[in-house]
Amino acid sequence: MNFELTKDQQRIQQMAREFAQNELLPGVCQRDEEGQFPLELFAKLGKTGLYGLPYSTELGGLGGSYLSYILAVEELSKVDASFGIAFSVDTSLYGGSIVNSSAPDEVKKRFLAPITYGEKIGSFGLTEHTAGSDAAGQRTVAAKDGDSYVLNGGKCFNTNGPLADYTVIYCLTDPELGTKGMAAFVVEKGTPGFTVGKVENKMGIRSAQVSDMHLENVRVPADHMIAKPGEGFKLAMKTLDGGRIGVAAQGLGIAKGAFEIARTYMMEREQFDKPISKQQYLAFQMAEMQTEIQAAELLLYKAAMDKEEGRPYTVSAAMAKLTCTNVAMKVTTQAVQMLGGNGYMKEYHVERMMRDAKITQIYEGTNEIQKLVISGQLFR
């Protein structure tokens, strides 16, 4: 079993690391404070093609590996988790919905290719105020009208929603059938009746743009349907499996970023005439956290490889998401403590990372849902 990254994977990892340090780091605290997303930097990274990294060249992607994409999310999230999740939603959830769908290749390419190089931004509309963990609680509906469908309803907690040029909307064509009647459509920005609602004021990932999306008599051409009635729920669940690997990468990146800040600080900060890294209690805590980070990394990379090589990955994605995000919360909390009073100050970054870490345990399936997924496979 070879644990070495390929040269291409190392190249992608280094490219993302340099972009994070050179482009994202200088303004990350201000963006967090103001809740502003760096659209110009998102477009700049898009020119490298990274948003299409895991998708085929035939559909406008780079034809790279899923692990390479995960490495990029991880590196960006070490510095700016808001940017990391915007990247992940754009690629895993929007892009995954398109690629995993039964739509013809020409439709897939039309809605995917502009995303892959950052020319357009995508978002994923599944969650509603009545449908969080229970996706069957959907109330958004689509009624056929000639060669079009008319959509009515709303979505919430839509990451990238206010910025998105394309949004995949999951909805019911027959409410009485529940998820058996779920379909999915690509709705373009500017379509009459499709509007941005409340933009959320969040505890963490403050730079990421998250909002309600309202649909009032939104007319969508039939060829914008990417999942036929009855196919939508399966498409959403499969796409979320891939998205959970992306969130796991975000969580691991946050953990690694906070750990490195704490490690450097402990070697420089002196108390009782020696660096605090010489205090065995603190050193042992760091040893435990490093071990947990390494264990989480292995689970994450295994999930990415399972997906890449066509093996079942629902459970491995759930395990990676559960573990990486729990580690993110633990490491960031401990990092704040290890920096003492400085850890509570914004310029040291770890308090922001702790706030960012919390949401990773909640979105794209709460960690309680991940335990349901994992335990459900244990007793079959």
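**View 1. Lining of the largest pocket in the predicted model.** The largest pocket is lined by 41 residues, and those nearest its centre are Thr 127, Ile 362, Tyr 363, Glu 364 and Gly 365. Two or more lining residues come from each of the elements α5 (81-100), β1 (122-125), β3 (148-159), α7 (232-268), α10 (350-360) and α11 (367-378).

**View 2. Volume and residue classes of the largest pocket.** The space in the largest pocket comes to about 960 Å³. Its lining holds 20 nonpolar residues, together with 11 polar and 10 charged ones.

**View 3. The second largest pocket.** About 410 Å³ of space lies in this pocket. Its lining is made up of 14 residues, of which Asn 2, Phe 3, Tyr 301, Lys 302 and Met 305 are the closest to the centre. Helix α8 (residues 280-308) gives the most to the lining of the second largest pocket, namely 5 residues. By class, the lining of the second largest pocket divides into 7 nonpolar, 3 polar and 4 charged residues.

**View 4. A nonpolar surface patch formed by Met 1, Phe 3 and Leu 298.** Together, Met 1, Phe 3 and Leu 298 have about 440 Å² of accessible area. Phe 3 is also among the residues closest to the centre of the second largest pocket.

**View 5. Met 1, in the segment before α1.** Met 1 precedes helix α1 (7-24). Its relative accessibility is 91%, so Met 1 counts as exposed, the cut-off being over 50%. Met 1 belongs to the nonpolar patch on the surface, with Phe 3 and Leu 298 as the other members.

Conventions:
Residues numbered from 1 in each chain as written. Predicted model: local features only at pLDDT ≥ 70, side-chain atom pairs only at ≥ 80, totals over all residues. Heavy atoms only, no water. 1 Å grid on protein atoms, 1.4 Å probe; cavity = no way out; pocket = protein on both sides within 12 Å on 5 of 7 lines; lining within 4 Å. Points joined across faces, edges and corners; volume = space filled by probe spheres on them. Helix = DSSP H or I, 4+ residues; strand = E, 2+ residues; numbered from the N terminus. Nonpolar A, V, L, I, M, F, W, Y, C, P; charged D, E, K, R; others polar. Patch = residues over 30% accessible without salt bridge, like charges linked within 9 Å, V, L, I, M, F, W, Y side chains within 5 Å. Areas by Shrake-Rupley, 256 points an atom, 1.4 Å probe, with all protein chains shown as cover. Salt bridge = Lys/Arg side-chain N within 4 Å of Asp/Glu carboxyl O. Buried < 20%, exposed > 50% of the residue type's maximum accessible area, 1.4 Å probe, protein only.
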